[in-house]
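Below are some notes for a colleague who is seeing this structure for the first time.

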Amino acid sequence: MQHPGLKLCGLGLLSILQAQVPTAPVIQPRGVVNAYTQLPAPAVAGQGGLIHIRGINLGPVEGWKAEGLPLPTSFGTPPLQVLINNRPAPLLEATSSRIVAQVPFETPNGLATLIVRRGEQSSRPARIQIQGTAPGIAASNGNGFGAAANGGTDGSMKLRASSLGQTDPTARSGEAAEGAVARAAIRVFVGGMAAEATATMSPTRPGEFILDVKTPEGAKPGDPILVGVNAGEANLLTMDRGKRESEISYIPYPAGTPDLRNIRSSDVNGMFLNANAVRGADSCYPAFTVDARKLAIAKVEGCLTTAQAQAPTPFVDGFSSPYFAAFEGPFTGTPQPGQPTLVSDKIRIFTPGAAESKLATLPEPVANITSQAGGGFLANAPGKAFRIDAQTAEVQEVTGGGGGGAQQVNLQALLQRFQNVDLGDGINRLLSPVMPLQNQFVLTAGDDIGNPTKARVAIVSAQGEITAQRNFPEGWLPIVAPAPPLPPGGQQPPQNLQQLRTPTPVYMDAQTRNYYVAARNSEGKHGWAYFPPEGDAQPMALPDGWFFTACTANIPVFNLELTRAVALMAATTDDRAFKNPCPAEGFVLFDLAARRFQAIGLPGSGKFNASGGAAEINDFLVGSNFDPATRNTSDTFYALDGANGTPFRFDLPTGVNGFSGTNPVPSLNLVIASANNRIAGDAGLVLFDLERTEARLLPTPEGFANVNVLGVLPSIRRLVGRGVRAGNAGTQILVYNLETGDLEVVPNPEGIAWIGSPIQQAQPGQPGQPGQPGQAVVNILPRINQKANTVEAIAFGEDRRQKGVIVIRVN
């Protein structure tokens, strides 16, 4: 929950804002979002798309709506405007707390600055990421999730979409081009099945498209609707509302089925899965396809293989498609030093509902398969690549290679040149990550990777040639993160792996081409060594008494888009020896425009473990005080809102002693963890809500010993966990409704005790382990498919032997 002092502070701030009644418009720190996806800021919108701007004193209290076309770019007295990169945006609606505007088609891709202006008064700038397309679909609740707003009839859907990009014929900002259609190819799946669709610009609402979708045969209420444009996907919605309870498909193994070690549904179709057993001595995987709609498991005839003997599966998922691909073997390639290993010239494509796979025959053997948006695959060889149409298995050579062959080898060679950079005077060790700088690269090198006494910054061409060198400010040298100690009995890693370590944190500001290197001076001060495009480097020290947290093997630099700032973990002592836990006492924020540091301590003189890794979630920085000595459990969770510089401490709900295993959910600004008393998850699951600054408990239900999180289905606001029944009598799927707090305990099919691998009895202070005593542990956990709202798992009987495949459609 929120720290009491912070709650009082928030109430006081609200009172001050109300008392002042500002006349200038104020945009909320996270107030600019895609109008239809409603995903948390930093938001992404497409050129020509609709956005919502939330705040205070934005427009007239009585409200306003545009009448007629084209849309105005200002209205009222004093005139109200929205400026995106100083370009007036067409306006659709406005109230005192919200504006609906259209991103001008002319807005270039990248981070854009947005200002609301009323007469002579302007808001502080907000920021939004602009792309050519960033599709969003309108939900019936207006909040970006749940059932789609559907104006269609039986057999068809009429959806409202935005941020689909440019049109044919071309539409102008603020105008509606009658009959204009989206220029980009649109793909739609309903329940994982491809649907015919056309996207036509709305004749009355610029920025909006009408998406006419022919409902596929077999689709039913509750099925997910997935809309893809180019490489992007819209917010997932559902076709009307489904049943209240989850639906179970259980497919027993046919006779002779070996124990499976991998099971996975296709990217968009949770009812079509691949499965395989352990790779054999002949390099072939016993493989199967699973059709949960038909309750059928089919053996894949022939041999499927890979180049890597330890690969868990031969299958490659199609991206934003229902297809799989795999090499047809057996594998006969011979590894060549410095070259990708060629596997086969034949690739199998698997399609839902098809009785047989399709065979794509290539002109020559290739090394790997990668997926492309929409269902195609790329087969890559050195210097060549071939595109495979997933629907027809037709093969076409890609002119200039596909990025996975010769280009890949050149990148490896380029990195090797950087690793061996020699700037003279004994400066020949790469210390920093290599950052792009227009058509060149910038890096930091020193004379020693552990404790440099000399260092320089260099500009290097793509060919590895040094084109310029810059000295550090007098008396300043790079900070290097310490190498973690070797485990007991461990061996020193090979020299080439040691060289891959880049322990000095740096940041390249692409907008100004300023380059910053974390550094310290001879007096022990920490700060940036700041390298402008021209002129000498300058030191920028941290506030007195603050240091970068440098007792961890990784010192991350967090980019904060909403405020154009970066952040690093900070401490009040100069400790550069490796520790775990490595205490961080706050953060230092660096304003890139003002080039100024601000130190922010954690509430209550708190500390979190930097070696556990702070994380960035939508410009929130989070961390906890976990300690390996207490089996990585924590009792306090911290967050810093990078949009306004406010730190928070989350106290645990009553009845919870600690937590472990944090799982971020960026689409909801949540962090989920196991809530612990004696063992992991015995108290349930704890949710840290970053926007509401509160922690709440989803308790372990009666009859269960503990619960472990499997994941979240954001489109229907469901959290899925696996509960272990009391007495270690089996497992079941638990579905928590994040809106209401209701719990559904999904019943197991008859004769099934375990969903996923059986678990050994956990001892106090120890997590449960999969498998049986005396057996090799093979942990096959249930998996959720967020694009299909399904859970898939191998089901085990009471004898702990594999029995079949289960797919649960969550509603």
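1. Start with Arg-279. A polar atom of the side chain of Arg-279 lies 2.9 Å from the backbone oxygen of Thr-306. The backbone oxygen of Gln-308 is also listed, at 3.4 Å from a polar atom of that Arg-279 side chain. The model is a predicted one, and these distances should be read as computed from it.

2. Where does Arg-279 sit? Its place is in the loop between strand S25 (272-276) and strand S26 (287-291). Leaving out residues up to four places away in sequence, Arg-279 touches Cys-284, Tyr-285, Thr-305, Thr-306, Gln-308, Ala-309 and Phe-331.

3. Which side chain of opposite charge is nearest to Arg-279, and how far away is it? The nearest is Asp-282, 7.0 Å away. A salt bridge needs a side-chain nitrogen of Lys or Arg within 4 Å of a carboxyl oxygen of Asp or Glu. Arg-279 is buried yet has no salt bridge.

4. Strands S34 (residues 377-381) and S35 (residues 384-388) pair in the antiparallel sense over five bridges, with Asn-380 opposite Ala-385 in S35. The two strands form a hairpin with two residues between them. In the turn, Gly-383 has a positive phi of about 80 degrees.

5. S35 also pairs with strand S36 (residues 395-397), again in the antiparallel sense, over three bridges. Here Ile-388 stands opposite Val-395 in S36. This hairpin has six residues between S35 and S36, and Ala-393 in its turn has a positive phi of about 65 degrees.

6. An open sheet of five strands has the order S1-S3-S8-S7-S4, with antiparallel pairing. Strand S1 (26-34) and strand S4 (64-65) stand at the edges and have a single partner strand each, so one side of each is left without a neighbour in the sheet. Within this sheet, strand S7 (residues 91-94) is joined to strand S8 (residues 98-102) by three bridges. Leu-91 stands opposite Ala-101 in S8.

7. Another open sheet has four strands, ordered S54-S55-S56-S57 and paired antiparallel. Its edge strands are S54 (615-617) and S57 (646-650), each pairing on one side only. Neighbouring strands of this sheet are turned by 25 degrees against each other on average, direction ignored. Strand S56 (residues 637-641) pairs with S57 over five bridges, and the bridge partner of Tyr-638 in S57 is Arg-649.

Methods: Residues are numbered from 1 along each chain as its sequence is written. This is a predicted model: local features need pLDDT of at least 70, side-chain atom pairs count only at pLDDT 80 or more; totals for chains, interfaces and linings use all residues. Side-chain values use heavy atoms; hydrogens and water are left out. Two strands pair if DSSP finds at least two bridges between them. Axes are lines fitted to C-alpha atoms, for helices over the stretch in contact, and angles run from 0 to 180 degrees between N-to-C directions. Buried means under 20% relative accessible area, exposed over 50%, partly exposed in between (1.4 Å probe, protein chains only). Lys and Arg count as positive and Asp and Glu as negative; His and the chain ends are not counted. A polar contact is a pair of N or O atoms within 3.5 Å; within protein, one must be able to donate a hydrogen and the other to accept it, and residues adjacent in sequence count only if both atoms are side-chain atoms. Contact means heavy atoms within 4.5 Å.
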